[in-house]
Amino acid sequence: MKDSSMMIKEAYSKPMNLFDDDIAPKILLFILETIKKYGKNSFVWMGPNPQVLIMEPELIKEVLSKNCLYQKARGNPFLALLGQGLVSYEEDKWAKHRKIVNPAFHLEKLKHMLPVFYLSCSEMLSKWEDVVPVGGSHEIDVWPDLQQLSCDVISRTAFGSSYEEGRKIFELQKEQAQHLIKASLFVYIPGWRFLPTKRNRRMKEINKDVRSSIRGIIDKRLKAMEAGEADNKDLLGISLESNFKEIEQHGNKKFGMTIEEVIEECKLFYFAGAETTSVLLVWTLMLLSKYQDWQARAREEVLQVFESRKPDFDGLNRLKVVSIVVLLVQFICHEFLLSLLLQLLEFLNF
């Protein structure tokens, strides 16, 4: 643990080439050095816990496919404050939640969300247009705006008309994640979360506020559904509708999710979706700025397909060059985010 901490500190003290794809020495230096020294299949001790490192695709496939045998580690209890949905469940409970939440991600449902995506993007671009002089140029830090964009899209697709309340939840979840990361930099001592430290009190306060806000939104939606006034095109509405159908079909509440479980899924949706999307977008823009021939090809294709029309589903399916760019960046970005997640879980497992 001491060696790992020193290596991370040393790696972060050095600047990184902006377009360098070799990110392992920057964020997973200790694991990289362990693999170099002891081989692709090795293990290290993280505090009192052994951590097995495997790099052979067949072994990785076995671990991921046999989830009854290789179960999820119980890490830092603070992690539960961000959400205990699908990502933390096992076996039957995981299968039940996945079945109920899955309809929200069907293609036909996603088609109805396109106007929401367009609205959020238009608002961001209008903000940029206001600060750029006509016929001139202006430097803009796009990273905060792309973070806000992903927040807005998730808030609108998750809670629909309760969008403003959703934004408040997102800000609280974002602050909660920052507290969690700071707490994870230290070895977790059992029972530490119960001590009334300033950070612990704030984390509990945020959790209470988030749960209360989501509960209020759910209660309003349930009343609207009972009155036949709800427009269930967002994540919350589709999930609640799917939940009711599952309970009705089996005639037993145990086949559905409780309100507390719905709240946890909503919290998790915020945490899992926002940062990953904004990172993907900003990295796409950075790579397009480097490879300007691809930027020109992508722009030309968009103008050719849509001209001055609003983007629609059929048109998006015809964007071949843009799809290539996004899929390639998504692959690179996925590897980056996965390695970051592994590093975070390494800390949380103490």
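**Close-up views of a predicted model**

**View 1. Trp 45 and the surface patch around this residue.** Trp 45 is exposed, with a relative accessible area of 51% (buried means under 20%, exposed over 50%, partly exposed in between; 1.4 Å probe, protein chains only). This residue belongs to strand 1 (residues 42-46); strands (E, at least two residues) and helices (H or I, at least four) are DSSP runs numbered from the N terminus. Together with Phe 43 and Val 52, Trp 45 forms a nonpolar surface patch of about 380 Å² accessible area. The model is predicted, and local features need pLDDT of at least 70, side-chain atom pairs pLDDT 80 or more, whereas totals for chains, interfaces and linings use all residues. Residues are numbered from 1 along each chain as its sequence is written, and side-chain values use heavy atoms, without hydrogens and water.

**View 2. The largest nonpolar core.** This core has 27 residues, of which Phe 159, Ile 169, Ile 214, Ile 218, Leu 236 and Val 262 touch the most other members; a nonpolar core joins buried Ala, Val, Leu, Ile, Met, Phe, Trp, Tyr and Cys residues through side-chain atoms within 4.5 Å. Among the elements giving two or more residues are helix 8 (142-159) and helix 12 (259-290). Helix 10 contributes the most, six residues.

**View 3. Surroundings of Leu 236.** Beyond its neighbours within four places in sequence, Leu 236 is in contact (heavy atoms within 4.5 Å) with Ala 158, Phe 159, Ile 217, Ile 218, Arg 221, Val 262 and Cys 266.

**View 4. Cys 121 and Cys 151.** Cys 121 is partly exposed at 32% relative accessible area, whereas Cys 151 is buried at 0%.

Notes
Patches are made of residues with over 30% relative accessible area and no salt bridge: like charges are joined within 9 Å, nonpolar side chains (Val, Leu, Ile, Met, Phe, Trp, Tyr) within 5 Å. Accessible areas come from the Shrake-Rupley method with a 1.4 Å probe; for residues, only the protein chains shown count as cover. A salt bridge is a side-chain nitrogen of Lys or Arg within 4 Å of a carboxyl oxygen of Asp or Glu.
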